[in-house]
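Biologist: I'd like to learn how to read a model like this one. Could you take me through it feature by feature?

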Amino acid sequence: MPQNVVILVGRILLSAMFILAGYPKLLDPSGTAGMIAGAGLPAATALAYLAGLFELVAGLFILVGFQTKITAYLLAAFCAFTALVFHGSPINVPDFPDGANMMLSMFNSLMMMKNLTIAGGFLVLAAFGPGALSVDARRGSAPAVA
């Protein structure tokens with residue numbers, strides 16, 4: 001498969017999660033606002049709307065390859081931040097059995113590693129560009145990959 005097609009497929013896969021996660025946050029930010037408040041951050045509802053808007057717009061930018069370098073760096077930082085702030089500590093739900101809390105903590109650790117792994121993918125995309133099948137390449141702002 002030609003390299004530019006592989007890069008396009010990679011962009012589609014990297015963008016899908018953010019598009020599909022951002023849109024619902026704009027319709028109903030309450031769940032996200034609860035997580036944000038639970039992490040001790042201020043203005044939880046406003047931050048939930050901002051997170052949803054950022055995820056949706058940044059996901060669309062990655063999908064079409066527009067402003068790819070800066071968007072990929074921003075998404076890498078977003079992924080690292082959310083990994084550490086929301087998934088960086090053990091879960092301890094009062095009145096839950098120890099085994100259930102342990103399983104939730106293991107799942108939370110996996111979510112942290114997933115976010116850090118995705119951040120790595122965005123750093124690679126920022127470094128090597130969106131490929132020839134992108135808006136950036138059509139505008140001449142990204143080198144085409146052979």
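Biologist: What should I know about the ground rules?

Modeller: This is a predicted model, in which local features need pLDDT of at least 70 and side-chain atom pairs count only at pLDDT 80 or more, while totals for chains, interfaces and linings use all residues. Residues are numbered from 1 along each chain as its sequence is written, and side-chain values use heavy atoms, with hydrogens and water left out.

Biologist: And what is the average pLDDT of the protein?

Modeller: pLDDT is the predictor's confidence in each residue, from 0 to 100. The protein averages 94, and 96% of the residues score at least 70. Confidence is lowest in α2, at a mean of 94, and highest in α3, at 98.

Biologist: How do I read buried versus exposed?

Modeller: Buried means under 20% relative accessible area, exposed over 50%, and partly exposed in between (1.4 Å probe, protein chains only). By that rule, 35% of the 146 residues count as buried. Gly 131 is one example, because its relative accessible area is 0%. You'll find Gly 131 in the loop between α5 (98–128) and α6 (135–138).

Biologist: Which residues of α4 are buried?

Modeller: First the general idea: an α-helix has 3.6 residues a turn, so residues three or four places apart point the same way. In α4 the buried residues include Thr 68, Thr 71, Ala 72, Leu 75, Ala 76, Phe 78, Cys 79 and Thr 82.

Biologist: What covers the buried residues of α4?

Modeller: Contact means heavy atoms within 4.5 Å. The cover includes α1 (3–27), α2 (30–38), α3 (44–64), α5 and α6.

Biologist: How are aromatic pairs described?

Modeller: A pair of aromatic rings is described by the distance of the centres and the angle of the planes. Rings of Phe, Tyr and Trp (its six-membered ring) pair if their centres lie within 6.5 Å; planes under 30 degrees apart count as stacked, over 60 as edge-to-face and the rest as tilted. That rule gives four aromatic pairs here. Phe 18 and Phe 78 have ring centres 6.5 Å apart and planes at 65°, so the pair is edge-to-face. This pair links distant parts of the chain, with Phe 18 in helix α1 and Phe 78 in helix α4, 60 residues apart. Phe 18 and Phe 78 are both buried. Phe 61 and Phe 66 are edge-to-face too, because their centres are 4.8 Å apart and their planes at 90°.

Biologist: Are Phe 61 and Phe 66 buried or partly exposed?

Modeller: Phe 61 is partly exposed, at a relative accessible area of 29%, and Phe 66 is partly exposed, at 26%.

Terms used
Helices (H or I, at least four residues) and strands (E, at least two) are DSSP runs, numbered from the N terminus.
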